[in-house]
Amino acid sequence: YKLVVPMDKGLFSGNSKPAYHLYRYSENKEGEVVAKFVGAVPLKSADDFRVVHTLGATENFIVLPRFSLYVEFNSPVDLSQNIKFGKSTPTIFDVVSLKDGTHHSFEFGSYESQHIFNSYERYN
C-alpha cells in the first residue's frame with residue numbers, strides 16, 4: 001500500500017481538497033505494477049499535514065496513524081526544521097475499508113510517535 005498526499009491544490013492530481021490518498025499496488029500477469037485507488041481521508045485543512053511514516057494493513061482495512069507530528073515548510077535545506085510536535089494537536093487513527101474506501105476516524109490525546117506495528121482484526 002502507498003499513501004499519497006497531493007498538495008498541488010488539484011493542479012496535477014485533479015483533487016481540489018487536500019487529503020491522504022491510499023493506493024493498493026499489485027503485479028499483473030505481465031509483471032507490470034498496477035495501482036488501484038482504495039480511498040481518501042480528507043484533511044481538516046491544508047495546515048493539518050501530519051508526518052505519516054508507517055501505516056498498518058489487515059485483510060480488510062488500512063490503519064492510518066496521524067500522530068501529533070506535523071509539517072511546517074520552513075526550510076528547503078534542513079528538513080528536520082520542518083517537523084514540529086503539536087502539544088495540543090490530537091492523534092487521529094483513520095481506519096479505511098479496502099472494500100469500499102469508507103473511513104472512520106478515532107481521536108486521542110496528543111502523542112509523539114512515528115511507527116505502528118501488528119495491525120490485526122479481532123472478530124467478536
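Buried means under 20% relative accessible area, exposed over 50% and partly exposed in between, with a 1.4 Å probe and protein chains only. These legends describe a predicted model, in which local features need pLDDT of at least 70, side-chain atom pairs count only at pLDDT 80 or more, and totals for chains, interfaces and linings use all residues. Residues are numbered from 1 along each chain as its sequence is written, and side-chain values use heavy atoms, with hydrogens and water left out.

**View 1. The fold has nine strands and zero helices.** Helices (H or I, at least four residues) and strands (E, at least two) are DSSP runs, numbered from the N terminus. The order of elements from that end is β-β-β-β-β-β-β-β-β. Of the 124 residues, 31% are buried. Contact means heavy atoms within 4.5 Å. Among contacts with a separation of 6 or more, 45% join residues 24 or more positions apart.

**View 2. D94 sits in strand β8 (residues 91-97).** At 0% relative accessibility, D94 counts as buried. Its side chain makes polar contacts with two others: R66 at 2.6 Å and S105 at 2.4 Å. A polar contact is a pair of N or O atoms within 3.5 Å; within protein, one must be able to donate a hydrogen and the other to accept it, and residues adjacent in sequence count only if both atoms are side-chain atoms. Beyond neighbours within four places in sequence, D94 touches V41, I62, V63, L64, R66, H103, H104 and S105.

**View 3. Two salt bridges are present in the structure.** A salt bridge places a side-chain nitrogen of Lys or Arg within 4 Å of a carboxyl oxygen of Asp or Glu. One joins the side chains of D94 and R66 (2.6 Å, N to O). D94 is in strand β8 and R66 in strand β5, so this pair ties together parts 28 residues apart in sequence. R66 is buried, at 4% relative accessible area. In another, the side chains of E107 and K44 meet (3.9 Å, N to O). E107 belongs to strand β9 and K44 to the loop between β3 and β4 (56-57); the two are 63 residues apart. E107 is exposed at 53% relative accessibility. K44 is exposed as well, at 67%.

**View 4. The largest nonpolar core holds 13 residues.** Such a core is a set of buried Ala, Val, Leu, Ile, Met, Phe, Trp, Tyr and Cys residues joined through side-chain atoms within 4.5 Å. Y20, L22, V38, V41, I62 and V96 have the most contacts inside the core. Two or more core residues come from each of β2 (19-27), β3 (33-42), β5 (61-66) and β6 (69-71).

View 5. On a 1 Å grid over the protein atoms alone, a pocket is an open set of points where a 1.4 Å probe fits, with protein on both sides within 12 Å along at least five of seven lines; lining residues have an atom within 4 Å of a point. Of the 14 lining residues, V63, F93, V95, S119 and Y120 are closest to the centre. β5, β8 and β9 each supply at least two lining residues. The largest share, three residues, is from β9.

**View 6. L98 lies in the loop between β8 and β9 (103-108).** L98 is buried, at 10% relative accessibility. Its C-alpha atom is 5.4 Å from that of N60, 38 residues away along the chain.
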